Amino acid sequence: MDVQWSELFVFGVSPWELVIRGSLVYWFIFILLRLAGRRDFGAVGSADVLLVVLIADAAQNAMSAQYESVAEGMVLVGTLILWSVAVDRVGYFWPAFERLLDPGRVCLIKDGVMQRRGMRREYVTPDELMSELRQQGIDDLGQVRRAYMESQGEISVLKFKKG
C-alpha cells in the first residue's frame, strides 16, 4: 500500500508516441463528428464535445493507473488541448481554414418555402422544423424570409419585415 513516488513521473511510453496517439485520435473523432452532422449537440459544438470526451478518457486513464505514470496522462491531455487551441487560432487567422472545419449554415426555409434538400442534409423533418418555429413564436411559414441550421446546431429565423 505504499506510494511509489519514484514511478509517478516516469514515462512508460515515449512522450512523442503519446503526442502522435492523441493527435490521431483527435483528428479521427473530429472528422467523424464533422461528417455525422451537428443537430443533436444544440448550442455546444461538436469540437467541444470531442474535447470533453477525449480529455475525460485521457485523464481517467492517468488517474486509474492505466498509464505507467501520471505524466503520460498529462502529456496526452495537453496534446488534446493544444490541438483544440490550435484549430481555433488557425481558423481565426485564416478564414479559408475555418470554412474547411466549420460546417457553416444550411438553409431550411427560403421565402416561406421549406428547402427539402437542406432539411434532408441535416435530417430535419417538417414537424421538427415547425416545432422549432413555434418555439420562436412563428406559426406560419409565410412569416419566414429565411431559416438556417447554424454551425452550432441551433435554428435561426429571419422574418419578413412588416411594412
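This is a predicted model: local features need pLDDT of at least 70, side-chain atom pairs count only at pLDDT 80 or more; totals for chains, interfaces and linings use all residues.
Which residues of α3 are buried? Residues are numbered from 1 along each chain as its sequence is written, and side-chain values use heavy atoms, with hydrogens and water left out.

**View 1. Helix α3 and its buried residues.** The buried residues of α3 are Ala71, Glu72, Gly73, Leu76, Val77, Thr79, Leu80, Ser84, Val87 and Gly91. Here, buried means under 20% relative accessible area, exposed means over 50%, and partly exposed lies in between (1.4 Å probe, protein chains only). The end C-alpha atoms of α3 are 34 Å apart, in agreement with the 34 Å that its 24 residues should span at 1.5 Å a residue. The expected span is 1.5 Å times one less than the number of residues in the helix.

**View 2. The chain as a whole.** The chain contains 6 helices and 4 strands, arranged from the N terminus as α-α-α-α-β-β-α-α-β-β. Helices (H or I, at least four residues) and strands (E, at least two) are DSSP runs, numbered from the N terminus. Of the 163 residues, 31% count as buried. The chain exposes about 10900 Å², of which carbon and sulfur atoms supply 60%; accessible areas come from the Shrake-Rupley method with a 1.4 Å probe, and for residues only the protein chains shown count as cover.

**View 3. A nonpolar surface patch at Trp94.** Tyr92, Phe93 and Trp94 form a nonpolar patch on the surface, with about 460 Å² of accessible area together. Patches are made of residues with over 30% relative accessible area and no salt bridge, like charges being joined within 9 Å and nonpolar side chains (Val, Leu, Ile, Met, Phe, Trp, Tyr) within 5 Å. Trp94 is placed in the loop between α3 (70-93) and α4 (95-101). Trp94 counts as exposed because its relative accessibility is 55%.

View 4. In α6 (residues 126-135), the buried residues are Leu129, Met130 and Leu133. These residues lie on the same side of α6, because they cover an arc of only 95° around the axis; the arc is that of the directions from the helix axis to the C-beta atoms. Asp127, Arg134 and Gln135 are exposed on the other side of α6. The cover over the buried residues of α6 includes β1 (106-110), β2 (113-114), α5 (116-122), β3 (144-149) and β4 (155-159). Gly137, which follows α6, has a positive phi, near 85°.

**View 5. Salt bridges.** Side chains of opposite charge can pair when their charged atoms come close. A salt bridge is a side-chain nitrogen of Lys or Arg within 4 Å of a carboxyl oxygen of Asp or Glu, and the count comes to 3 salt bridges. Arg21 and Glu17 meet in one of them, at 2.3 Å from N to O. Both residues lie in helix α1 (residues 15-36), 4 residues apart, about one turn of the helix. Arg21 is partly exposed at 47% relative accessibility, and Glu17 is partly exposed at 33%. Arg146 forms a salt bridge with Asp111, the closest N and O atoms being 3.0 Å apart. This pair links distant parts of the chain, with Arg146 in strand β3 and Asp111 in the loop between β1 and β2, 35 residues apart. Arg146 counts as buried at 19% relative accessibility, whereas Asp111 is partly exposed at 43%. The side chains of Arg121 and Glu122 also meet in a salt bridge (4.0 Å, N to O), and Glu122 is buried, with a relative accessible area of 4%.

How values were computed:
Contact means heavy atoms within 4.5 Å.
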